[in-house]
Amino acid sequence: MTSRIPRDSRLRLVRPRPLAAAPSAVNQRRPRRPAPRPPEGTPAPAELARMARSRLAAAARVAHWADASLGPGRDGATADGKATLSDATAERAAADLGLTAAQVRADWDTARLAGLVEVHGDSARPGWRLRAWDRDDSAVLRGWVALFDAWSLAHPEPADHEPAAVAEVVSAMPQVLSFLQLSAGPVPVEQLLDLLEQRVTELRTERCEIPYGPQPEPVEQPAPTDAPLAPLAPLLEWALHALASVGALTYDAAQATLTPLGSWAVWVKLEQICVAAQSPAGNIEVAAEEMLRGCAQLRPNAARAEYRAWLAARTVSSAVSELIDAARGDDALLRGLAFEALRVVGAPAEPDVRAVADEPTLRPYALLWLAEHDGIDPEDAHEVLTREEATWLWVDTAAAVTDHGEAPMLVRHLESAVQPTVPMLLDEVRAVGHPRTVQVLVALAAAHPDPALAKAVRRAAFQVHTGGN
């Protein structure tokens, strides 16, 4: 009896692979680090987001005003090509919002630091966090953490101190904040000053820094003095005021206490350090392509944790370049995963993603990334693609499923096509010119249970292969 099972077709051009291979790889789970829990007493994420919205309300108000009143392409919003408000724009905003021009400028600067306003070349535009402000708690919290990270820019530094001393204090403050977080309550400023002095001394020792000026003779053994570090007291006061201005702590002359937002943010930073020190799946030291292959077997949350760990060990520019190079390769699965990793990078990756949007292989992925970055709901982002681009992406995704997935996944993938019928899909797939079209169609024909549909798909594959009609 002649077999009608499609996978017996001589036209199969892809290498046969056991369908059980993929699930066995997925089911061999690696030991996973237990999901860390925030310290006891930390408010729920929704409550933290409410606090962050309250803290950033004035900045969001100015950003919304700019979005509504200035609009894209308008002139006169900025004065120096660095998204600093012009005098005319600041006065206009002040009149519309019932504020002073100084308040508008301060709120605008906060909006920039929080990512509610993004600088692009010589202009500024609303950031994706502003687009998601009312519906996405995680976007709000990310905005506040961005402001927290930029605390040293949020409050003017003392003018009468050496830049090197200011830099030392900025470098030492994470340890001070960690101590505040572990203390879980008020800490005397004198104790924080002692800790800061110790940390600055460590930093100087690590640099093997030799103090300038004449040194006392060793035989004299003078009593210890605080003179070399005396300037740190006003710098600590500046740092605490700056952190208080972003809502990370409360501070008076005697003691400092982290706010719930500040305590949570410091805990998040400590967890990131732990993740960076040892990534969950051990891919932190490998190249992007190998890291992505390792992540292909992880669940989405575990993969994102791996991306964060890998990114934390590299500069943003080098990491983005590696990911885009990996996306240019022949493996369609790595292409999709590379752009998932770029989503974790966020705004810093935008210039590089925008630069590759004209490359045919990367264009659909780049357009979707940019749409989501601009605040479009991921479920609606596909609408930015033309019919041809959507078809090309369908074939590319099918190629990833063909190489790494199971036959039922490929059959289900038919449902995601933009074409309403299979004949229309086949016509447009043949026209789009994807290099993997033949292999995808042959694999689909082998996997589909409907003999008539499988025959039509095989015929289309043969036509593409021979260049016929």
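Guide: Glu 202 and Arg 199 are 3 residues apart in helix 10 (residues 189-206), so about one helical turn separates them. Helices here are DSSP runs of H or I with at least four residues, strands are E runs of at least two, and both are numbered from the N terminus. The two side chains meet in a salt bridge at 3.0 Å, N to O; that term asks for a side-chain nitrogen of Lys or Arg within 4 Å of a carboxyl oxygen of Asp or Glu. As for cover, Arg 199 is buried, with a relative accessible area of 18%, while Glu 202 counts as partly exposed at 36%. Buried means under 20% relative accessible area, exposed over 50%, and partly exposed in between, with a 1.4 Å probe and protein chains only.

Before going on, a word on the source: this is a predicted model, where local features need pLDDT of at least 70 and side-chain atom pairs count only at pLDDT 80 or more, but totals for chains, interfaces and linings use all residues. Residues are numbered from 1 along each chain as its sequence is written, and side-chain values use heavy atoms, with hydrogens and water left out.

Now for another pair. In helix 2 (residues 45-55), Arg 50 and Glu 47 are also 3 residues apart, so about one helical turn lies between them. Their side chains form a salt bridge of 2.7 Å, N to O. Here Arg 50 is partly exposed at 45% relative accessibility, and Glu 47 is partly exposed too, at 31%.

Glu 322 and Arg 314 make a salt bridge as well, at 3.8 Å, N to O, and Glu 322 is partly exposed with 28% relative accessible area. Then there's a network of salt bridges that links Glu 289, Arg 293 and Asp 331. The structure holds 21 salt bridges.

Zooming out, the protein chain has 23 helices and 5 strands, and buried residues make up 43% of its 469 residues. Take contacts, meaning heavy atoms within 4.5 Å: among those between residues at least 6 apart in sequence, 67% join residues at least 24 apart. Leu 113, in helix 5 (residues 101-113), gives you a local view: leaving aside neighbours within four places in sequence, Leu 113 touches Ala 146, Leu 147, Ala 150, Leu 153 and Ala 154. Leu 113 is partly exposed, at 24% relative accessible area.
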